[in-house]
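This report describes a ligand site and the nonpolar cores of one protein model. Please consult the sequence and structure shown below while reading.

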Amino acid sequence: MKASVEARNLTIYYGKQVALSDVTFQLGASETLLLLGPNGAGKTTLLRTIAGFHTQYTGELLIFGKKPEEAKELVSYVPQSHSLNENVPLTALEVVAMGAIYKRGLIHRKIPPEIEERALNVLSFVGLENVANKLFRNLSGGQKQRVLLARALVSDPKLLLLDEPLSALDPSARAEVTSVLDRIKKKKNIAMIITTHDINPLLEIGDKVMLINRRMIAFGKPDEALTDEIIKSVYGPMARAIKVEERLYCITGDFHIHVRRDRK
Ligand SMILES: Nc1ncnc2c1ncn2[C@@H]1O[C@H](COP(=O)(O)OP(=O)(O)O)[C@@H](O)[C@H]1O
Ligand SMILES: [Mg+2]
């Protein structure tokens, strides 16, 4: 089975400025990677490069064995804040259908029946078939994020890239979205990369963790990648990784990370 992502000595630039360097890792075809790092660390930059939107890099980067620009069909990317114009009165169903229509370059107002059926299926996968005909702009924050996940899934991607999918949500909306992510992990045989400030709600679905701060600091299974020494090197001497009853907790000042015990 091919790796979903293979990066070797990847360095990403904006002009002459290095945004992120020393990135070397492999992610399996159905593994989930949690991408952590402080603000400005390069998380969004790495996701956009993997998605094929940012092309200023050196080193090797392969997505299912192809260059990112040639692998766009296999990848869905959900940016941190959506760019939908909420003045346009689109229903949840139309927003999801856009995910299929866009990729084919057809932008119609009328959704072909085959696409409507697929859109309804993914809406039901994220538990939102009941709001299919409601206006997107009238949905709650958690529902909007679930619609955006459905839109990303409707094209059957092999790799799903999610930029801070839980930020800007209240605790109950976070729980809604987390449970959809969990469902994707369990039911869809795809790879995911999720950037997050707070690893806590996502622990159960992370096979691998990467910590970056303008360069790759650590990559591995959660227990291996998040040691006391590594956490301190990124978040300063007050940060700590502590184990309590076999669970790892990372305290980093502005937030704490809690890592699940490794599954047997
Ligand atoms: N379009 C851009 N042009 C130049 N520099 C950028 C651009 N976008 C991001 N950067 C810089 O790249 C670095 C990483 O940013 P980003 O990937 O957004 O970090 P994160 O998502 O981890 O907060 C930052 O120093 C940021 O200022
Ligand atoms: Mg970002």
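## Polar contacts of the ligand

In this predicted model, the side chain of T45 has an N or O atom 2.5 Å from an oxygen atom of ligand 1. Another oxygen-atom distance involves R214, with a polar side-chain atom 3.2 Å from ligand 1. For Y14, a polar side-chain atom lies 3.4 Å from a nitrogen atom of the ligand. The protein covers 56% of the 560 Å² of accessible area that ligand 1 has on its own (Shrake-Rupley method, 1.4 Å probe).

## The surrounding shell

The residues around ligand 1 (a heavy atom within 4 Å) include P38, N39, G40 and K43. Helix α1, residues 43-50, gives the most to this shell, with three residues (helices are DSSP runs of H or I, at least four residues). By class, the shell has four nonpolar, five polar and two charged residues; Pro counts as nonpolar and Gly as polar.

## Nonpolar cores

The largest nonpolar core has 61 residues, of which L123, V147, L181, I184 and L226 touch the most other members. Such a core joins buried nonpolar residues through side-chain atoms within 4.5 Å, buried being under 20% relative accessible area with a 1.4 Å probe, protein chains only. Helix α2 (residues 92-103) gives the most to this core, with eight residues.

A second, separate core has 30 residues, among them A7, L33, L47 and Y57.

## Conventions

Residues are numbered from 1 along each chain as its sequence is written, while chains are lettered from A and ligands numbered from 1 in the order in which they are written. Local features need pLDDT of at least 70, side-chain atom pairs count only at pLDDT 80 or more, and totals for chains, interfaces and linings use all residues; side-chain values use heavy atoms, without hydrogens and water.

Notes. Buried < 20%, exposed > 50% of the residue type's maximum accessible area, 1.4 Å probe, protein only. Helix = DSSP H or I, 4+ residues; strand = E, 2+ residues; numbered from the N terminus. Polar contact = N/O pair within 3.5 Å; in protein donor to acceptor, adjacent residues only side chain to side chain.
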